[in-house]
Amino acid sequence: MTPIAGLVGAFVGASLSPWLTSHLSWRRTRKEAFNQAISALRAAQVARHFPTGAHATYLGGDAAAVAAYNLRLRERSIDRYIDAMSEAKVALAALEPFYKVRGDLDSWEITEPDAERIMRELLRAR
């Protein structure tokens, strides 16, 4: 009786092993996609509120140098925001095999209320 039970156990284990490996891999990939989408969306939300108006006491120099620095700071911040928003949309699109994100991902920007709603949905679905 023991050898038969051992053979049955080995057969069941050998049969379920590929399925279990595949299932665990799918779950890990899904979790990584959710984590990446949440991180990218959070980074885009942070980049939305960019710094402006650095004070002359921090920079030193005259008013023209401070104005030029503030202009460069604003331009770089806007570029950073656009890049972060693009990365967030790519990460949300990569989530598509696992979860259908509701909202307009075709526009260049995800609005702040939509981003907050999507963030709540992602955290709940993760």
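Hi everyone, let me start with a definition: a residue is buried when its relative accessible area is under 20%, and exposed when that value is over 50%. Please keep in mind that this is a predicted model.

I'd like to talk about salt bridges today, and the structure has five of them.

Let's begin with Arg48 and Glu109. Their closest N and O atoms sit 2.9 Å apart in a salt bridge. Arg48 belongs to helix α1, residues 2–48, while Glu109 is in the loop between α3 and α4, so this pair ties together parts that are 61 residues apart in sequence. How accessible are the two partners, Arg48 and Glu109? Arg48 has 14% relative accessibility, so it counts as buried. Glu109, at 24%, is partly exposed.

Now over to Glu121, which bridges to Arg102 with an N to O distance of 2.3 Å. Glu121 lies in helix α4 and Arg102 in the loop between α3 and α4, so here the pair links parts 19 residues apart in sequence. Glu121 is buried, with a relative accessible area of 6%, whereas Arg102 is exposed at 51%.

Glu121 also forms a salt bridge with Arg117, and the closest N and O atoms there are 2.9 Å apart. These two are four residues apart in helix α4, which means about one helical turn separates them. And back to our opening definition: both Glu121 and Arg117 are buried.

How values were computed:
Residues numbered from 1 in each chain as written. Predicted model: local features only at pLDDT ≥ 70, side-chain atom pairs only at ≥ 80, totals over all residues. Heavy atoms only, no water. Salt bridge = Lys/Arg side-chain N within 4 Å of Asp/Glu carboxyl O. Buried < 20%, exposed > 50% of the residue type's maximum accessible area, 1.4 Å probe, protein only.
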